[in-house]
Amino acid sequence: MVLIAIIIGCLLGAIIGMNAPTISYTYSSYLAIAIVAALDSVFGGIASVINRKFDIKIFVSGFFGNAILAILLTILGEKLNVDIYLAAIVVFVWRMFMNLGTIRRYYVEKWTSKVKQMREQKNNEKQNTEENEV
Amino acid sequence: MKNIKKGKIILTIVIGIACLVLATVMFMQFKIVNQADINELEVMREEELRTELANWKANYQEAELQYEQKAQTLEEYNKREASDSETAELVEKELTEVNLLLGKTDVEGPGIVITLKENEDAEAAITADNLNMIVNSLKEAGAEAISINGERIVNMSDIVLISNSIIRVNQQRVFAPYIIKAIGNQTYLESALLGNGGEADKLIKIGHDVNIEKYNKVEISSYNKELTTKYIE
């Protein structure tokens, strides 16, 4: 059900985005930093689901809050003549990789445990048959 | 059971909306980046614009510098041209002056004309010495141009007696009557010849006819040979 929602949302978003009026290039840097922040939130959400700590309120507030904060920081950086957006990108991407690592580890562990289980099962079956034969 | 379902629906909707927003923004950004021409001025970022501006400023400065240099050289050329024409004028002026002094041009001005007529029964004939003396006296009196029978007296002029009563001026034979023209202060010239002990006075005393007339405009023709040098280095 959640997966369907994700797919439908992405498809609808793609269609809307394709048909939306183009914004001035000046604001594209803000948009880019917002996208990075949102992506970070998404990966964070997935990681928290895996860790069984997922909270819808935290996810939503992080999703929108981080994006808006990143945009505000970029604007502030432009006003101060400091490239703050670089720091934001570094932090978000770093966190994205961390979360990706968490997700990857979870699935790899799951897969290895599955393989182990199968082997044990096979061994058990073998032992059972041997015992039976004996 | 119902609670869990409700929570799941909310979760699904929220995640769907989040995905929708994310995808929308992402595709908008893709579109912008795709459409944007990096070299278009409106599209450039502030930093790029700054660099470009600095570049143009540098270019402008360089161009201005070159312009200044060119203008300077042009001015120099103009100046040189002006000075060239000035020097040319000066040289021409000098040339005419020198020609005037050398006797290479026809000249005119106030002066006197002396006519010497030889008398057969005079005590002595008119010789080249007499003419020399007259010319010398005229020179001393400040004559600026002298000619004897049309022969202009210049710096290398000669007045020599070849043989019996043959007088050559500028290697040209001259005959009596001798007409000597001189340009200068008329009074000075006349008194130099007619004064006591003057050459004209002497000639009158030995019986020759000497006639001196003042003119406000005496014309003296130019030296009619070429002034060439062969040995002067």
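User: Which element gives the largest share of the nonpolar patch?

Analyst: This is a predicted model. In it, α3(A) provides the largest share of the nonpolar patch, with 4 residues.

User: Which residues form that nonpolar patch on the surface, and what is their accessible area together?

Analyst: The patch is formed by A:M1, A:F64, A:I68, A:L72, A:I75, B:I9, B:I13 and B:I17, and together they have about 730 Å² of accessible area. Two elements give two or more residues to it: α3 (56-80) of chain A and α1 (2-35) of chain B. Take A:I68 as a case. A:I68 sits in helix α3 of chain A. Its relative accessible area is 51%, so A:I68 is exposed; the cut-off for that class is over 50%.

User: What is the secondary structure of chain A?

Analyst: Chain A has 4 helices and 0 strands. Along the sequence the pattern reads α-α-α-α.

User: How does the radius of gyration of chain A stand against that of a compact globule of 134 residues?

Analyst: The radius of gyration of chain A is 23 Å, whereas a compact globule of 134 residues would have one near 14 Å. The box filled by the C-alpha atoms of chain A, taken along the principal axes, is roughly 85 × 35 × 25 Å. As for burial, 28% of the 134 residues in chain A are buried.

User: Turning to chain B, which domains does the domain assignment give?

Analyst: The assignment for chain B gives domain 1 (2-35) and domain 2 (108-220). Between the C-alpha centres of domain 1 of chain B and domain 2 of chain B there are 131 Å.

User: How many salt bridges are there over all chains?

Analyst: The general idea is that side chains of opposite charge can pair when their charged atoms come close. The working cut-off is a nitrogen of Lys or Arg within 4 Å of a carboxyl oxygen of Asp or Glu. Over all chains the count is 6 salt bridges. One of them joins the side chains of B:E108 and B:K217, at 3.8 Å from N to O. This pair links distant parts of the chain: B:E108 belongs to strand β1 (residues 107-117) of chain B and B:K217 to strand β8 (residues 209-220) of chain B, 109 residues apart. B:E108 is partly exposed at 48% relative accessibility, and B:K217 is exposed at 53%.

User: Which side chain meets B:K214 in a salt bridge?

Analyst: B:E190 does, with 3.3 Å from N to O. B:K214 is partly exposed, with 45% relative accessibility.

User: What separates B:K205 and B:D201 along helix α5?

Analyst: These residues are 4 apart in helix α5 (residues 199-205) of chain B, so about one helical turn separates them. B:K205 is exposed at 58% relative accessibility, whereas B:D201 is buried at 15%.

User: Is B:R152 buried or exposed?

Analyst: The cut-off for buried is under 20% relative accessible area. B:R152 has 3%, so it counts as buried. B:R152 belongs to strand β3 (residues 151-153) of chain B. A polar atom of its side chain lies 3.1 Å from the backbone oxygen of B:T105. B:R152 also lies 9.9 Å from B:L102, C-alpha to C-alpha, while 50 residues separate the two in sequence.

User: Which side chain reaches the backbone oxygen of B:R152?

Analyst: The side chain of B:N170 reaches that oxygen at 2.8 Å. B:N170 is in the loop between β5 (166-169) and β6 (172-174) of chain B. With 1% relative accessibility, B:N170 is buried.

User: What is the phi of B:Q171?

Analyst: Phi of B:Q171 is near 60°, which is positive in a residue other than glycine. B:Q171 lies in the loop between β5 and β6 of chain B, and at 47% relative accessibility B:Q171 is partly exposed.

User: Where is B:N149 found?

Analyst: B:N149 is in the loop between β2 (145-148) and β3 of chain B. B:N149 is not a glycine, yet has a positive phi of about 50°. Its relative accessible area is 28%, so B:N149 is partly exposed.

Terms used
Residues numbered from 1 in each chain as written. Chains lettered and ligands numbered in written order. Predicted model: local features only at pLDDT ≥ 70, side-chain atom pairs only at ≥ 80, totals over all residues. Heavy atoms only, no water. Patch = residues over 30% accessible without salt bridge, like charges linked within 9 Å, V, L, I, M, F, W, Y side chains within 5 Å. Areas by Shrake-Rupley, 256 points an atom, 1.4 Å probe, with all protein chains shown as cover. Buried < 20%, exposed > 50% of the residue type's maximum accessible area, 1.4 Å probe, protein only. Polar contact = N/O pair within 3.5 Å; in protein donor to acceptor, adjacent residues only side chain to side chain. Domains from an automatic or database assignment. Rg over C-alpha atoms; globule rule 2.2 N^0.38 Å.
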